[in-house]
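Please keep the sequence and the structure in view while reading.

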Amino acid sequence: MKQHSESPHRNPAAAVVVGTDGSPGSRAAVCWAARTAADRGRALHIVHCTGPVTDRTPHSAYDAFIFATMQDIRGAAERVLATAREQASTAAPGVTVTTELVSGGSPAHALIAASEHAHLIVLGVASEAGAISHLGSTLLAVTSHARGAVVVVRGTDDRTSGPVVVGVDGSKISEPAIAAAFSEASQRGTELLAVHGWSDLSGGGFADSSFLSPPIDDIATADAALLSERLAGWTEQFPDVVVRREIVVYGVRERLTELSRSAGLLVVGSRGRGGFRGLLLGSTSNFLVQHADCPVMVVHPG
């Protein structure tokens, strides 16, 4: 297997980029990103976006009002970045931190653009997030359209131990997620649990009829062989990583959510062949971003 060393995300100069808005969720993301950057000898780049800010000289009472308002907005944004810098330095003393204030643009667009050359893009989300609308348009847009890998840090969990868990759909499209999972497990010095699922339906998704129910034993046997095939090259490339395998016929996303309670990181692909195999935002990946108990890495191909 080729590690794609030419990838900009693997460039030694590629920074860990984290978006912040000053919320508890983004503060947790900043700390997670800072520790990750420090562990990997990379810089941390913190991005905060605000509305259009003008510095034009006021020539009327209205201009003066607008100018004062803009300065208040800029001041608040600079305080968010200063606080985030302090939090990062506390979480990972010695890490190199840079900050960027983007005004007048979309936070999603800024982070998606940064993902072209970032090692990772990191975002936070409130642990109580439920409906998709509660996750925010920025998070959904970035996890859907960024390049490379996006890590969504849930709540305030600063868990550093636990295995890396990866969802494998059996298609070549899932290779980037497998590659990222092996790399993460190797860097963390932890084991890798590869979970392959035939269907994301629960056991009750099929009628209680032998005519309608698929041959579970045959499916499990075939999927076990497929999973071994998909992992073979990566186990050779990462001999230091201990790999466990698990076949789940029904309820894959529920099983991955359960495993996230003790995992250090959950890795999924951004798209695939449909169903669990899709791991497509709006489906399984969206579910995991909302409900997992550990950071979730969404990996994009290319």
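## A residue at the end of a helix

In this predicted model, Q237 is found in helix α7, which covers residues 216-237. Its relative accessible area is 21%, and because buried means under 20%, Q237 counts as partly exposed. Although Q237 and F182 are 55 residues apart in sequence, their C-alpha atoms are 9.0 Å apart in space.

E184 is buried, with a relative accessible area of 4%. Together with R188, the residues R40 and E184 are linked in a network of salt bridges.

## Two salt bridges between loops

The side chains of E116 and R147 meet in a salt bridge with an N to O distance of 3.9 Å. E116 sits in the loop between α3 (107-114) and β4 (120-125), and R147 in the loop between α5 (137-145) and β5 (149-154), so that the pair links parts of the chain 31 residues apart. E116 is partly exposed at 33% relative accessibility, and R147 is partly exposed at 43%.

A salt bridge also connects R261 and D293, at 3.9 Å from N to O. R261 lies in the loop between α8 (252-259) and β9 (265-269), and D293 in the loop between α9 (284-291) and β10 (296-299), 32 residues apart. R261 is exposed, with a relative accessible area of 53%, whereas D293, at 35%, is partly exposed.

Definitions and conventions
Residues numbered from 1 in each chain as written. Predicted model: local features only at pLDDT ≥ 70, side-chain atom pairs only at ≥ 80, totals over all residues. Heavy atoms only, no water. Helix = DSSP H or I, 4+ residues; strand = E, 2+ residues; numbered from the N terminus. Buried < 20%, exposed > 50% of the residue type's maximum accessible area, 1.4 Å probe, protein only. Salt bridge = Lys/Arg side-chain N within 4 Å of Asp/Glu carboxyl O.
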